[in-house]
Amino acid sequence: MTNDLENRAIAILKANDRGGYTVPTAGLYPYQWNWDSAFAALGFATFDRDRAWREIETLFDGQWEDGMVPHIIFRKNDPGYFPGPDIWGSRTEPPTSGHSQPPVVASVARWLVETGGREDERRAHEMFPKLMAWHEWWHCYRDPDETGLVGIVHPWESGRDNCPDWDIGMNNIVVPDDLGTYHRRDTDWVDPSERPTQETYDRYLTIVKFGRECGWDHDIVVREGPFFMADPCVQFVLMRADRDLMALAERFDDARARGRIADWVARDEAGAQAMWSDEACGFVATDLRTGSKSPAITNASMLAFYGGAGTEEQRAEMVRHAREILDGCRYVFPSWDPRHEGFEQRRYWRGPVWSVMNWMMAAGFERHGLADLAMRVRRDTLAMVRQSGFFEYFDPLTGEGLGGPNFTWTAAIHLALVS
Ligand code: 9WN
């Protein structure tokens, strides 16, 4: 039996369907985004498993020869979004952006297999080499010195674009005189006071210009590009996904893949440790150029449980942070610590709550026997939707819905939580 809200969520997924892939929200985000599709699949799986698989299979239409799965696939040009395919200049078919996004897909594939039947197993098996190539890309190109810590070359690659986490890396970017003028589109759809500032956007585009001009050569972008930071979200999502990929390799009895993944898993924890900050007493974003650490706890820090990172003592510190932050917010989990300066309850990734982060976080809490924390996070996720609808994100102090309406991943997570 479905209720009105579930029917509404299903209707949103169907309305955002562009034939094999969904757009995050009509207007503001008119293309296929990487981790949005992974979460969309979780929602589709509650009523149409074939469509769930299609959502993640179509993502790999954009996979690069070197294994990278880009963060946006531009299937048809839509002037409603900036920067479009020409600005990225990736010269791929289909046109794509030039960097990736948090690799959630292997975890979704494992989940589909373990909750499904033979057809799910068949499709996961078919996808398996592509997933291996993507993970290999992360471990090889984004961790060239094999430290176990992968880096990101653009805040957009984190999926948490405007988080104050990136300020330490972004402040070092020098905007060139020949960046040129451009017309942002995001502020046509959403109140500019909730979006990244113009100064931030100039720096985003400075990184894109650098990537375009070196032909998106990953080695050059990583070694010489304007930005290279470690992100707790990408690192912990990859840690989780490596283990999920290992479970698939065992299921498919693939000894070669098992050996390769075992190497990655063995390095992952050392990488996580490099993000530990004694000052913040937690896992935080780290600038891989300067070694500077972001000063505050975020919802990405809390994915340590999801990734299975940290010692018992470190996890106890993280639980202490979680409880204090939970006490200070009507709705959790905020994207920047409200006890810390820089918290903005409405501005993009500088305070608001995202359903997808909550979904992963709750799974991590549960896995570590923190049922009360998991329950609170899930309860708030559902409550914000009930109060405000299926918005892109929410104000942690009031529950007001912000950003794009009728948002695919908010609808998908709602379905995943109630099913
Ligand atoms: C840039 C689509 C994407 C999400 C990201 C979110 C936002 C884009 C933007 O929208 O990023 O990739 O233009 O702000 O931050 O997580 O995947 O929903």
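Which residues does alanine 109 touch, not counting residues up to four places away in sequence? Alanine 109 touches Ile56, Ala124, Met127, Leu131 and Leu248, where two residues are in contact if their C-beta atoms, placed from the backbone, lie within 7 Å. This is a predicted model, in which local features need pLDDT of at least 70 and side-chain atom pairs count only at pLDDT 80 or more, while totals for chains, interfaces and linings use all residues. Residues are numbered from 1 along each chain as its sequence is written.

**Overall form**

- The protein has 18 helices and eight strands; helices (H or I, at least four residues) and strands (E, at least two) are DSSP runs, numbered from the N terminus.
- A compact globule of 419 residues would have a radius of gyration near 22 Å, and the 20 Å of the protein agrees with this; the radius is taken over C-alpha atoms, and the globule rule is 2.2 Å times the number of residues to the power 0.38.
- The C-alpha trace spans about 60 × 50 × 45 Å along its principal axes.
- Of the contacts with a separation of 6 or more, 69% are between residues 24 or more positions apart.
- UniProt, in an unreviewed entry, lists residues 29-410 as "domain: Mannosylglycerate hydrolase MGH1-like glycoside hydrolase"; such annotations may be inferred rather than shown by experiment.
- Over residues 29-410 the chain is 49% helix and 4% strand, with its end C-alpha atoms 14 Å apart.

**Burial and the nonpolar core**

- Buried residues make up 54% of the 419 residues; a residue is buried if 20 or more other C-beta atoms lie within 10 Å of its own, exposed if 12 or fewer, and partly exposed in between.
- In soluble globular proteins, nonpolar side chains tend to be buried together.
- The largest nonpolar core here has 125 residues, and those with the most contacts inside it are Phe39, Ala109, Leu303, Met361 and Ala412; such a core is a set of buried Ala, Val, Leu, Ile, Met, Phe, Trp, Tyr and Cys residues joined through C-beta atoms within 7 Å.
- Helix α12 (residues 232-251) supplies the largest share of this core, 10 residues.
- In helix α2 (residues 34-44), 11 of the 11 residues are buried, so this helix is largely enclosed by the rest of the structure.
- The buried residues of α2 include Trp35, Asp36 and Phe39, and their cover includes α1 (4-15), β1 (32-33), α3 (49-59), α5 (105-114), α16 (355-367) and α18 (408-418).

**Surroundings of the ligand**

- The ligand is surrounded by Pro24, Tyr29, Trp33, Trp35, Asp36, His71, Trp156, Gly159, Asp161 and Asp186; a residue is near a molecule if its C-beta atom, placed from the backbone, lies within 6 Å of it.
- This shell has five nonpolar, two polar and three charged residues; Ala, Val, Leu, Ile, Met, Phe, Trp, Tyr, Cys and Pro count as nonpolar, Asp, Glu, Lys and Arg as charged, and the others, Gly among them, as polar.

**Backbone details in loops**

- Phenylalanine 82 and proline 83 are joined by a cis peptide bond with omega about 5°, and proline 83 lies in the loop between β2 (72-73) and α4 (85-88).
- Glutamate 93 and proline 94 are also joined by a cis peptide bond, with omega about 0°; proline 94 is in the loop between α4 and α5.
- Glutamate 146, in the loop between α6 (118-141) and α7 (155-158), has a positive phi near 55° and counts as partly exposed because it has 13 C-beta neighbours inside 10 Å.
- Aspartate 253, in the loop between α12 and α13 (255-273), has a positive phi near 55° and counts as exposed, with 8 C-beta neighbours inside 10 Å.
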